[in-house]
Amino acid sequence: MNQFVGLVEDDPNIRDIVEGYLKKEGLKVTAVETAEKAWEIFESESPDLWVLDIMLPGMDGYEFCKKVRESSQVPIIIISAKDEEVDKILGLELGGDDYLTKPFSPRELVARVKRHLKRWEVMQPEQHSMEDRIESGELLLHEGERRAYFQDEEVEVTTKEFEMLRILASQVNRAFSREELLVKVWGEDYFGSDRAVDDLVKRLRKKMKQLPLETVWGYGYRLRDKGQSS
């Protein structure tokens with residue numbers, strides 16, 4: 001079965017070009033010009049990935065991204081003419097998995113789409129045993145379901161937040177450098193600042209206030225096992 005990509009872009013020239021390149025890769029594509037139409041597709045057809053413009057008429061891309069993340073961790077690649085770091089950080093904080101600034105190479109976009117689709121396929125629950133659990137103190141992760149629990153309460157986390165928790169909880173007490181976490185969570189081809197790691201940690205600490213996620217000053221982070229000494 002062909003993987004299904006939802007494309008949201010109000011510029012007809014860019015929309016047609018991107019749609020054409022994606023279809024050449026054998027992908028099923030539904031292209032729309034507004035987030036409102038995209039939301040109808042999200043609710044009825046469930047694409048495997050979204051390519052999302054930010055500046056749209058009506059509901060903007062940020063709001064659409066936020067709404068999707070209320071119920072789904074499907075990959076979202078943001079494409080935008082906004083190239084300021086603050087715009088990129090906002091897009092990622094609201095749940096975007098990648099950010100590509102216009103003008104961009106359609107081939108580069110296709111490469112990123114294929115990479116995120118491959119990761120999404122691997123992450124699907126039916127491909128994991130329900131016994132895939134990682135436990136660290138009061139933190140429990142269900143890898144197959146991509147669900148996180150802390151102090152016996154389920155915590156809503158994004159794809160990258162879950163991945164960060166998984167990495168840290170899999171090797172408790174080990175210090176990970178910011179650079180290492182950046183590569184493991186965002187991928188080797190991510191060219192953004194390691195500030196993204198700090199922002200992700202900040203969000204996790206806000207969601208799980210007593211999580212023993214420690215800063216290793218001048219280096220990175222580690223998840224502490226409270227039952228063991230330094």
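## Cavities: ground rules

On a 1 Å grid over the protein atoms alone, a cavity is a set of points where a 1.4 Å probe fits but cannot get out, and its lining residues have an atom within 4 Å of a point. Grid points are joined across faces, edges and corners, and a volume is the space filled by probe spheres set on those points.

The model is predicted, so to speak of a local feature takes a pLDDT of at least 70 and side-chain atom pairs count only at 80 or more, while totals for chains, interfaces and linings use all residues. Residues are numbered from 1 along each chain as its sequence is written, and side-chain values use heavy atoms, leaving out hydrogens and water.

The largest holds about 70 Å³ of space, and its lining consists of Ile89, Leu92, Glu93, Lys160, Trp186, Ala196, Asp199, Leu200 and Arg203. Helix α8 gives the largest share, four residues, and α4 also supplies at least two. (Helices are DSSP runs of H or I with at least four residues, strands are E runs of at least two, both numbered from the N terminus.) By type, that lining is five nonpolar, no polar and four charged; Ala, Val, Leu, Ile, Met, Phe, Trp, Tyr, Cys and Pro count as nonpolar, Asp, Glu, Lys and Arg as charged, and the others, Gly among them, as polar.

Around it sit Arg69, Leu92, Gly95, Gly96, Asp97, Thr158, Thr159, Lys160 and Arg203, which split into one nonpolar, four polar and four charged.

## Helix α4 and its cover

Helix α4 spans residues 85-93, and its Asp87, Ile89, Gly91 and Leu92 are buried, meaning under 20% relative accessible area with a 1.4 Å probe, protein chains only. Their cover includes α3 (61-69), β4 (76-80), β5 (98-101), α7 (178-186) and α8, with contact taken as heavy atoms within 4.5 Å. Just past α4, Gly95 has a positive phi of about 120°.

An open antiparallel sheet runs in the order β10-β12-β11. Pairing takes at least two DSSP bridges between two strands, and β10 has two with β12 (residues 220-223). In one of the contacts between these strands, Ser177 has Gly220 as its bridge partner.

Helix α8 (residues 195-207) lies across β11 and β12, at about 150° to β11. Axes are lines fitted to C-alpha atoms, for helices over the stretch in contact, and angles between N-to-C directions run from 0 to 180 degrees.

How values were computed. Buried means under 20% relative accessible area, exposed over 50%, partly exposed in between (1.4 Å probe, protein chains only). On a 1 Å grid over the protein atoms alone, a cavity is a set of points where a 1.4 Å probe fits but cannot get out, and a pocket is an open set with protein on both sides within 12 Å along at least five of seven lines; lining residues have an atom within 4 Å of a point.
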